[in-house]
Every structure is written in structure tokens, then in C-alpha cells.
Amino acid sequence: MTSTSQARTGDATLEKAAYENFPVAPFFLPRAWRDDLMAVYGYARLVDDIGDGDLAPGGADARHLGLEPEQSDDRLAMLDALETDLHRVFATTGREPRHPLLRALRPTVRRRALTPEPFLDLIEANRQDQKVRRYATYAELAAYCELSANPVGRLVLALTGTTSPEHVRRSDAVCTALQIVEHLQDVAEDLARDRIYLPAEDLDRFRVTEADLAVPSAGASVRALIAYESERASELLKEGVPLVGSVDGRLRLLLAGFVGGGRAALTAVSAAGFDVLPGPPKPTKPTMLREVAVVLRRARREG
């Protein structure tokens with residue numbers, strides 16, 4: 001495949017950053033940080049696209065990973081091939097990574113002395129998605145978020161040189177919250193994939209059945225359930241305010257963007273009357289900016 005085609009494969013994945021609930025690599029960051037954040041985002045997005053079956057048509061990603069184009073739909077085979085290519089990112093000898101997004105990741109890994117564990121956890125989360133379609137308890141869902149979301153926050157801390165036990169604890173809470181928020185926005189989309197990320201114990205508590213989630217608009221019991229899960233995510237997001245207040249400069253703005261983005265998404269869910277079944281409620285840019293400002297004010301006050 002030509003270098004131009006390879007670049008397009010990566011670009012199609014990176015362009016999805018514009019649709020996230022939070023700014024991935026905003027303009028105000030130093031160029032080196034932006035490049036590193038986008039390299040990590042490109043990898044994380046690729047893993048999720050493989051796990052969700054959202055790869056671009058044509059089989060280019062499969063070819064990059066050494067598989068046949070028709071194997072694009074074999075998600076476990078694709079994840080195995082991706083893991084093999086990931087090991088090339090961390091290897092000091094041998095072949096360079098095959099996939100363009102992993103080749104772009106390699107300089108970041110070396111420059112920031114990143115370890116393989118967070119990247120492997122993201123792959124394992126997507127393997128779990130192929131095997132586990134329901135979660136009985138909130139504890140089970142939180143354990144999934146430990147693989148699917150928390151590694152991203154830990155990578156951001158590593159990229160910015162701010163890793164500490166306290167920062168990791170608070171980052172994990174924020175990332176789990178952001179994952180829960182995304183699940184709330186995507187209830188209908190996930191159900192179409194035969195996945196439910198609402199704990200069964202909570203469905204039982206609110207007397208919600210799976211059939212209640214498959215209708216065009218949510219009834220009172222589903223809205224009450226979504227409101228409950230929203231409050232749970234909101235409580236976790238509060239851990240982000242001290243985290244934002246513990247750092248300075250542009251990093252403070254970046255982390256405020258993550259926390260504010262989650263708050264804005266929850267505001268959108270609330271504004272929809274907690275009816276997420278017609279489609280994902282999305283925050284507006286003014287709401288996003290307002291929530292980021294709230295986080296920054298609270299961080300200064302509590303700091």
C-alpha cells in the first residue's frame with residue numbers, strides 16, 4: 001500500500017477526535033504534547049474501532065496488521081494481530097510496527113518511556129467486549145472501566161510527567177465517570193450491538209427490562225435509572241476538581257477540559273429528560289466552555 005493510502009488510514013481514525021466528549025489535544029498545548037496525545041488517541045481509537053466493528057471498509061487495517069482483508073470482521077483475530085504489532089512498538093530490535101498508527105506511537109513511547117501495560121489493558125477491554133455482553137453488578141462494570149478507560153488517564157499523566165499515586169487515584173475516578181457517561185449516551189447503540197453496560201442489579205432496582213431499552217423513547221422507569229447512573233458518574237467527576245487544582249498552566253486547562261466535558265455531557269443527558277433512547281444527547285460548545293469554567297473556578301477555590 002502506498003504511503004498516501006497509509007496516511008489516509010490513520011487520518012480517518014484520528015478525525016474521530018472531534019466527536020469525543022472532551023478535547024483530545026487542544027490547540028493551547030505545546031506541540032510536543034499535542035503530538036503525543038494524538039498518537040495515544042490514535043491507538044486507543046483503533047483498538048475501540050476494532051472491538052466495535054467500526055473500521056473503515058476495504059480491509060486496509062487488516063492488511064496493515066498482516067491479515068487478509070476479509071479478516072477485518074474477525075475482531076478477536078484483529079485484536080491478536082494488533083497486540084503482536086504493539087509488541088513491536090516496545091521492542092528495541094527487530095521489525096518496526098506494521099500499522100501506521102502504531103508506527104506513529106513508537107516515538108512517543110520512547111520519548112516518554114511509556115510501559116506496555118496501559119496499551120495492553122485497552123486491548124483486553126475490547127476482547128472482553130467480544131465475550132461479555134452484560135454486567136451483573138456495578139463492581140463488575142467498574143472492573144471493566146479499569147481496563148477500558150482508566151489506562152487512558154494514566155497515559156495522559158505519564159505523557160505530562162505528573163504521575164503520582166494520588167493523581168492516578170483521582171484520574172481513575174474521572175476516567176471511570178467518563179466511560180459511564182459514554183455508556184449512558186450510547187444505550188440504544190450498545191443494545192443494537194447486543195451489549196448493555198447498565199448493571200443488572202440497577203435494572204432490577206428500577207424494574208427496567210431489556211425490552212424497555214429497545215423502544216424509541218424511554219419510559220419513567222428507564223429515565224429514573226439513567227438519572228441514578230448520571231448521579232453516580234457526577235460523584236466520580238468531583239474527584240477531578242482537586243486533580244485539576246493540583247497542576248498548573250496548560251495542563252490545568254487540559255484536565256479541566258476532561259472533567260468539564262464529562263459534566264457537559266451529563267448536562268446534555270439531563271436536558272434530554274434522561275431519555276437517551278432516541279440517540280446520544282450531545283453537549284453544546286457553550287455548555288462545554290461553561291462547565292470547564294466551573295471546574296477551573298472550583299479548583300482555584302479548593303486549591
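Which side chain does a polar contact of 2.7 Å join to that of D129? The partner is Y197. A polar contact here is a pair of N or O atoms within 3.5 Å; within protein, one atom must be able to donate a hydrogen and the other to accept it, and residues adjacent in sequence count only if both atoms are side-chain atoms.

The model is predicted: local features need pLDDT of at least 70, side-chain atom pairs count only at pLDDT 80 or more, and totals for chains, interfaces and linings use all residues. Residues are numbered from 1 along each chain as its sequence is written, and side-chain values use heavy atoms, with hydrogens and water left out.

The protein chain holds 15 helices and 0 strands. These are DSSP runs numbered from the N terminus (helices: H or I, at least four residues; strands: E, at least two). The radius of gyration, taken over C-alpha atoms, is 19 Å. This agrees with a compact globule of 303 residues, which would have a value near 19 Å. The globule rule is 2.2 Å times the number of residues to the power 0.38. Along the principal axes, the C-alpha atoms fill a box of roughly 55 × 45 × 30 Å. Buried residues make up 50% of the 303 (buried: under 20% relative accessible area; exposed: over 50%; partly exposed: in between; 1.4 Å probe, protein chains only).

D129 lies in helix α6. At 3% relative accessibility, D129 counts as buried. D129 touches Y144, R195 and Y197, not counting residues up to four places away in sequence. Contact means heavy atoms within 4.5 Å.

Helix α6 (residues 117-131) also packs against helix α4 (residues 75-90). The angle is about 175°, and the axes are 10 Å apart. Axes are lines fitted to C-alpha atoms, for helices over the stretch in contact, and angles run from 0 to 180 degrees between N-to-C directions. The two helices are therefore roughly antiparallel (over 145 degrees). Residues making the contact include L79, L82 and L86 of α4 and F119, L120 and I123 of α6. The contact residues divide into 8 nonpolar, 3 polar and 5 charged.

Two loop residues stand out by backbone angle. Most residues other than glycine have a negative phi. A113 is not a glycine, yet its phi is positive, at about 55°. A113 sits in the loop between α5 (100-112) and α6, and counts as exposed at 64% relative accessibility. R207 also has a positive phi of about 55° without being a glycine. R207 sits in the loop between α11 (200-205) and α12 (220-237), and counts as exposed at 71%.

How values were computed. Angles under 35 degrees count as roughly parallel, over 145 as roughly antiparallel, 65 to 115 as roughly perpendicular and the rest as oblique. Ala, Val, Leu, Ile, Met, Phe, Trp, Tyr, Cys and Pro count as nonpolar, Asp, Glu, Lys and Arg as charged, and the others, Gly among them, as polar.
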